Amino acid sequence: MPRLCDDFILLLCFMLLLCFMLVLCEDFMHSVLPQRALSWALAFVGLTFAACDADTTEERARHVELHFAAMVGDLPFACGETFVGLGTTDTSFEPMDFRLYVSAVEVRDATGDWHPLALDQDTPWQHQGVALLDFEDATGRCQNGTPETRTVVTGWAQDEVRGVRFEVGVPFALNHSDASTAPSPLDQTALFWNWLGGYKFVRLEGATTGLETGWQFHLGSTGCVAGDAPGAQECAQGNRVRVEWTDFDPATSVGLFDVAALVRDSDLDQHSPSTPRGCMSGPQDPDCAGIFARLGLAHGGATPGPQSFVRVGSR
């Protein structure tokens, strides 16, 4: 658009020069040609300013990159590493997977107003307001993952970004579809339960001292009721985590997903009888209570507090 505006200005200068030359020619002083030429020039001036004004509006849009990282306490999350001191038993933890979806991303401007961030759509990592963050790289025991990682959410904002808020999860309208035919990144079958249950908003897995074959945490909606069409009509527990930072500078800030903080009140070395190895978001699974409290989500009748899974750090 800037090049187009420059071309308009150059052409405008040529037209105005031509008009003045015609006006100065004595043979044309009493003809209608100079008047028409001046009319054309004035009309062209209006078009030029309109085009340049549109260009200015477009230039005000800012491309925004929101950076994220996975941590285990003060240490960067990494496949192939073994972390110690996790949970209520201070167990060891060897990562096997860590991926999650974020959506409903909004940014706060200098006046304090919130606006949706228009996510880029020309990437396999983002689609219709949903972005996939992938912290595993298929090394070590992360064999169910992919070599590619993704630690950034990108999009367009109209003003300077002073804050960020988003949800960890997939919107209901997109959550209960067919992952085998969905566009990327909603085509990840490893992050999908079924049409009724929908997607795994968070998939975190790792081998611990007591559960060598793997402790698992899969966050998703539960209590979903089937409708007339494939999918869910409604879900009793949506289980989407709301995160809001009123002070977040994309140039200097990073969102940190802290595994150690998430499991601080959980026993990763054993699980309750007749329950999965870890937490599959079951509303009656006692092994989910500590994790859901850290996510700021209601579980088993407990009143949720603020989430402590995600925090702001400095890049």
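1. Among contacts in the protein between residues at least 6 apart in sequence, 67% join residues at least 24 apart; a contact here means heavy atoms within 4.5 Å. The model is a predicted one, in which local features need pLDDT of at least 70, side-chain atom pairs count only at pLDDT 80 or more, and totals for chains, interfaces and linings use all residues. Residues are numbered from 1 along each chain as its sequence is written, and side-chain values use heavy atoms, with hydrogens and water left out.

2. Confidence. The protein has a mean pLDDT of 87, and 81% of its residues reach 70 or more; pLDDT is the predictor's confidence in each residue, from 0 to 100. Residues 1-6 have a pLDDT below 50, and this stretch makes eight contacts in the model beyond near neighbours in sequence. The pLDDT is also below 50 over residues 47-58, a stretch with 12 contacts beyond near neighbours in sequence.

3. Secondary structure and burial. Five helices and 20 strands are found in the protein. Helices (H or I, at least four residues) and strands (E, at least two) are DSSP runs, numbered from the N terminus. Of the 315 residues in the protein, 45% are buried. Buried means under 20% relative accessible area, exposed over 50%, and partly exposed in between, with a 1.4 Å probe and protein chains only.

4. Disulfide Cys79–Cys142. The count of disulfides comes to three, the criterion being a pair of cysteine sulfur atoms within 2.5 Å. One of them joins Cys79 to Cys142, with an S to S distance of 2.1 Å. The link of Cys79 and Cys142 is left-handed, at -90° about the S-S bond. Cys79 lies in the loop between β2 (75-76) and β3 (83-86), and Cys142 in the loop between β8 (130-134) and β9 (152-157), so the pair ties together parts that are 63 residues apart in sequence. Cys79 and Cys142 are both buried.

5. Disulfide Cys224–Cys235. The sulfur atoms of Cys224 and Cys235 are 2.1 Å apart and form a disulfide. The link of Cys224 and Cys235 is right-handed, with 100° about the S-S bond. Because Cys224 lies in strand β15 (residues 222-226) and Cys235 in strand β16 (residues 232-237), the pair ties together parts that are 11 residues apart in sequence. Cys224 counts as buried, at 14% relative accessibility.

6. Disulfide Cys279–Cys288. Cys279 and Cys288 also form a disulfide, with their sulfur atoms 2.0 Å apart. The link of Cys279 and Cys288 is right-handed, at 110° about the S-S bond. Cys279 is buried, with a relative accessible area of 0%, and Cys288 is likewise buried at 0%.

7. Nonpolar core. The largest nonpolar core has 64 residues, of which Phe98, Phe166, Phe217 and Phe257 touch the most other members. Strand β4 (residues 91-108) gives the most to this core, with seven residues. Such a core is a set of buried Ala, Val, Leu, Ile, Met, Phe, Trp, Tyr and Cys residues joined through side-chain atoms within 4.5 Å. Phi of Ala104 is near 50°, a positive value in a residue other than glycine. Ala104 is found in strand β4 and is partly exposed, with a relative accessible area of 37%. Ser281 has a positive phi of about 70° although it is not a glycine. Ser281 is placed in the loop between β19 (278-279) and α5 (289-295) and is buried, with a relative accessible area of 1%.

8. Cis peptide bond. Ser184 and Pro185 are joined by a cis peptide bond, with omega about 10°. Pro185 is found in the loop between α3 (172-175) and β11 (192-194).

9. Cavity. The structure holds one cavity of 30 Å³ or more. On a 1 Å grid over the protein atoms alone, a cavity is a set of points where a 1.4 Å probe fits but cannot get out, and lining residues have an atom within 4 Å of a point. Grid points are joined across faces, edges and corners, and a volume is the space filled by probe spheres set on the points. The largest cavity holds about 30 Å³ of space. Trp215, Ser266, Asp267, Gln270, Gly278, Asp287 and Ile291 line the largest cavity.

Terms used. 1 Å grid on protein atoms, 1.4 Å probe; cavity = no way out; pocket = protein on both sides within 12 Å on 5 of 7 lines; lining within 4 Å.
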